[in-house]
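The following exercises ask the reader to work through a structure step by step. Each task is followed by its solution.

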Amino acid sequence: MFSKGTKRKFSDGDEEISAESLVGARVASSYSLQRQSLLDMSLIKLQLCHMLVEPNLCRSVLIANTVRQIQEEMTHDGSWHMVTEAFCNPGQSPSERLVATEVLCRSREQDAEPKLFSVISYEGCREEEVVADETLCSVSVSDTVSDVCLAGRMGQCWEKSELSGVERDEEALEDSSLGSGEDEEIDTEDEASTKSPKTTGQVFGTFEIKNGSPGPDSALEELFSDVDTSYYDLDTMLTGMQSAPKMGPYDLLDSLAPSHSSPTIVSTPKCRSDLNELDHIMEIIVGS
Amino acid sequence: MWPVTKCNWRFVVSGAGGGGNDVQWCFSQVKGAIDDDVAEADIISTVEFNHSGELLATGDKGGRVVIFQQETENKSQSQFRSEYNVYSTFQSHEPEFDYLKSLEIEEKINKIRWLPQKNAAQFLLSTNDKTIKLWKISERDKRPEGYNLKEEDGRYRDAATITTLRVPVFRPMDLMVEASPRRVFANAHTYHINSISVNSDNETYLSADDLRINLWHLEITDRSFNIVDIKPANMEELTEVITAAEFHPHQCNTFVYSSSKGTIRLCDMRASALCDKHSKLFEEPEDPSNRSFFSEIISSISDVKFSHNGRYMMTRDYLSVKIWDLNMENRPVETYQVHEYLRSKLCSLYENDCIFDKFECCWNGNDSVVMTGSYNNFFRMLDRSQRRDVTLEASRESCKPRQVLKPRRVCAGGKRKKDEISVDSLDFNKKILHTAWHPQENIIAVATTNNLYIFQEKVN
C-alpha cells in the first residue's frame with residue numbers, strides 16, 4: 001500500500017554511492033511497481049464498468065483520468081516505452097493477446113452511453129492494452145491480479161478475475177476492514193475463497209444482463225435452465241467483443257444450441273441471475 | 001428568511017459556551033429492521049426534513065418514500081421530546097426498462113426535496129435516475145355521510161322509495177393520509193440525475209444530471225429548459241462531470257453546481273439563457289505536498305449546500321468539508337478534516353471503491369454547526385463558532401432511550417488508547433452517507449445502511 005504518489009528520486013549520494021543508489025533503485029522500482037499495479041487496477045475497473053448496464057459516469061471519468069495521469073507520468077519517465085518494448089512475450093500467441101486487448105478496448109454499441117474511456121482514444125492505445133494485459137499476467141503484485149490472465153486462459157482465469165474484480169467493485173465486501181497489517185493492497189484470499197454460488201450467480205447475472213443483451217436473455221436462460229451456459233457466457237464476452245456484434249435476445253437463443261458441443265472448462269456453479277432481478281425483468285416483459 | 005419559532009441552542013443567545021459540542025446528543029429513535037440481514041430495497045438513499053421540521057422523509061433503494069411526522073402532544077413537556085412516527089408510506093418510483101438502450105432504470109430514490117407549504121397539503125419532489133415526480137400528501141379526516149340517492153355502501157336506492165330530501169353531512173373518520181402523484185417530469189435527462197433543488201420563487205426547480213442541468217416549472221411537465229450543458233462534442237474528451245447543484249436560498253436567479261474536479265461554479269440565470277459561463281468559479285489550489293494519483297478523485301465534490309442565510313456554501317469532498325464565502329472564490333474560509341486518517345489508505349479505498357462514496361453534508365438551523373457522515377457508522381459534528389468537532393456513532397449499542405452518545409476517537413497509528421478504535425478495524429461497509437438536521441431544533445436524522453437514527457439534544 002502506498003500513501004502518496006510522489007516520485008522518489010535516486011539519491012545522488014555524497015556517501016557511499018553503491019549503497020545509496022541501490023536503495024534508490026529499489027525505491028524507484030518499487031514505486032514503478034506500485035504505479036503499474038494502480039494502472040492495472042484502474043484498467044480492470046474501467047473494463048468492468050464498461051460491463052455495467054448503467055456505468056456510473058462520475059466514477060468512470062475519475063478512473064479514466066487516473067489512468068491518463070499514470071500514463072502521462074510514465075511517458076515522461078520514459079518507462080512507458082520501456083514497458084511496451086519489454087513485454088513482447090513470444091509465448092503469447094497474437095490472437096490471444098488480441099482477444100484480451102479487445103476486451104479492454106471494448107466500446108459499447110449503444111452510443112448513448114459515452115465512449116469516454118479515453119483509454120481507447122489514446123494513440124498509444126494498443127501498447128497500453130498490451131502492457132496491461134501482459135503485466136496483469138506477469139506482475140504478481142497480488143495473486144488476484146496475476147490471475148487476471150485475459151489472454152488465452154479464458155475459463156477459470158477470466159471468471160476468477162471477474163469474480164474477484166466484480167466482487168470488489170460491486171459486492172459489499174465481506175471482509176471490509178482494511179486488512180490489519182497486510183502488505184498486499186488487494187485482499188486476495190478472502191475474495192478468491194469466499195465466493196458463494198450466489199455471488200457467482202450475481203456476477204454472471206450481471207454480465208448477462210449487462211452484456212448488451214436485454215432482459216429477455218435472462219428469461220430465456222430460465223427457460224433453458226438445464227443447459228449449462230457458464231462456458232458460453234465467457235465465450236460470448238470474449239468473442240462478442242472481437243466481432244463486436246450487438247447481441248440481441250434472439251442471438252442468444254440461436255447460439256445456445258451449437259455452443260454447447262464444447263465441454264465446459266469451468267466447473268463453477270451455474271451462472272444465474274439474481275432471482276429477484278430475474279423476476280423483476282420477467283415482470284417487465286410480461287407486464288409490457 | 002427562516003422563521004425561528006423555537007430556538008434551543010444556548011450559544012445562540014448568550015454566545016458563551018454552547019455550540020455543537022456543548023450540546024449533548026441523545027438517542028431518540030431508530031427506524032428500520034433490526035436484523036443484520038439488509039434487504040437491498042431497504043437501503044436508505046436520501047433523508048430530508050421539511051421546512052418546518054415536522055415531517056421527515058426518507059427514500060430507499062426500492063423506490064419507496066416513508067414520511068415520519070413529529071408528534072405534537074408532548075411538546076409542552078420539557079422532559080420529553082416529541083417522537084417521529086410513520087405518517088405516510090408510498091411507492092414513488094418503479095423500476096423501468098429503457099428498451100432503446102436495453103438498460104434498466106433503477107427505482108432508487110436519489111433525492112427528495114420538500115416544497116414550502118402553501119395550504120393544508122404537503123408537496124415533495126422525489127427523483128430517481130431519470131424521472132422526477134411531484135407528490136401531494138394530504139390528510140383526510142372527514143367523510144360525507146347520508147346521501148340522498150345512495151345507500152351507505154354506495155348502491156343506488158330505489159327511486160320509488162325516496163320521499164324526502166336528505167343532504168349529506170361530513171362526519172369525522174380515522175385520519176387517512178393519502179399520497180398522490182401530481183406531476184411526472186420525465187424524459188429530460190440522458191444521464192443520471194444527482195440533484196434537484198426547489199427555487200425560492202416556489203415556481204421553478206432545477207434537476208441536474210452528470211452533464212446537464214435543467215430548469216423546470218412545477219406546473220409544466222412536458223418542457224424544461226437546459227441551463228447548463230458540459231457535454232463535450234466528443235465524449236472521449238470528457239474529463240469532468242457535474243456532481244451536485246443547488247439554488248440559492250433567497251436569490252432566485254442564482255444557483256451553484258459542483259464538479260468531479262473539485263470546482264464549484266456559481267451561475268446567474270439573468271446573464272444568459274444557457275449558463276455555460278459561470279459568474280464565479282470557486283476552486284482551491286492544490287496542495288503540492290499532498291499530491292498523489294488519488295488527488296483528483298478525493299477532490300471530487302460529493303455534495304454542495306448553501307447555508308440558510310445564503311452567505312456561505314459548504315462542499316464535501318472525500319476527506320474534508322469546506323465552507324466557502326460566496327464573495328471569495330480563491331479559497332474556502334474554513335476547512336474541516338472529516339477522516340484524515342484515511343489519507344494513507346487511499347489505495348485500498350480505491351481498490352474497494354469506497355473512494356467513490358458520495359457523502360452528504362448539512363447545516364444546522366442557524367449555520368453554526370455542520371454535520372457529515374463517515375465510515376463505521378460514525379458521523380461528525382463540526383462546530384464553526386467553537387472551532388471544535390466531535391465524532392459520534394449511530395449504533396444499536398447506544399439505543400437506550402435518551403442515552404447520551406459518547407464521543408468516538410479513531411487512532412490513526414501507533415499506540416491505541418483505551419476507547420479508541422484503530423483505522424484498520426473500521427467497517428467500511430457501514431457508511432453514513434445521508435444526514436439531515438431539523439431546520440429549527442437540535443434534532444438530527446442519520447441514515448445508516450438500512451436504519452434511520454434520530455438523535456436529539458439532551459434536555460436537562
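A residue is called buried under 20% relative accessible area, exposed over 50% and partly exposed in between, with a 1.4 Å probe and protein chains only. The model is predicted, so local features need pLDDT of at least 70 and side-chain atom pairs pLDDT 80 or more, while totals for chains, interfaces and linings use all residues. Residues are numbered from 1 along each chain as its sequence is written, chains are lettered from A and ligands numbered from 1 in the order in which they are written, and side-chain values use heavy atoms, without hydrogens and water.

**Exercise 1. Chain A**

Task: Describe the secondary structure of chain A and state what share of its residues count as buried.

Solution. Step 1: helices (H or I, at least four residues) and strands (E, at least two) are DSSP runs, numbered from the N terminus. Step 2: chain A has 13 helices and zero strands. Step 3: of its 288 residues, 53% count as buried.

**Exercise 2. Salt bridges**

Task: State how many salt bridges the whole structure holds, then examine B:Asp42 with B:Arg64, B:Arg155 with B:Asp153 and B:Lys406 with B:Asp419.

Solution. Step 1: a salt bridge is a side-chain nitrogen of Lys or Arg within 4 Å of a carboxyl oxygen of Asp or Glu. Over all chains, the search finds 31 of them.

Step 1: in the pair of B:Asp42 and B:Arg64, the closest N and O atoms are 2.5 Å apart. This pair links distant parts of the chain, 22 residues apart: B:Asp42 is in the loop between strand S1 (25-31) and strand S2 (44-49) of chain B, and B:Arg64 is in strand S4 (residues 64-70) of chain B. B:Asp42 is partly exposed at 29% relative accessible area, and B:Arg64 is partly exposed at 26%.

Step 2: B:Arg155 and B:Asp153 form a salt bridge at 3.1 Å, N to O. B:Arg155 counts as exposed because its relative accessibility is 56%, and B:Asp153 counts as exposed because its value is 53%.

Step 3: between B:Lys406 and B:Asp419, the closest N and O atoms lie 3.5 Å apart. This pair also links distant parts of the chain, 13 residues apart: B:Lys406 is in the loop between strand S27 (388-393) and strand S28 (409-411) of chain B, and B:Asp419 is in the loop between S28 and strand S29 (420-422) of chain B. B:Lys406 is partly exposed, with 49% relative accessibility.

Step 4: in chain A, salt bridges that share partners join A:Arg35, A:Glu73 and A:Asp77 into one network.

**Exercise 3. A strand and its neighbours**

Task: Determine why strand S13 (residues 204-208) of chain B is described as largely enclosed, and which strands it is joined to by bridges.

Solution. Step 1: five of the five residues of S13(B) are buried, so the strand is largely enclosed by the rest of the structure.

Step 1: in a regular strand the side chains alternate between the two faces of the sheet. In S13(B), B:Thr204, B:Leu206 and B:Ala208 point one way and B:Tyr205 and B:Ser207 the other way, and all are buried.

Step 2: two strands pair if DSSP finds at least two bridges between them. Four bridges join S13(B) to strand S12 (residues 195-198) of chain B, and the two run antiparallel. B:Ser195 stands opposite B:Ala208. S12(B) and S13(B) form a hairpin with five residues between them, and B:Asn202 in the turn has a positive phi of about 60 degrees.

Step 3: five bridges join S13(B) to strand S14 (residues 212-217) of chain B, again antiparallel. Here B:Leu206 has B:Leu215 as its bridge partner.
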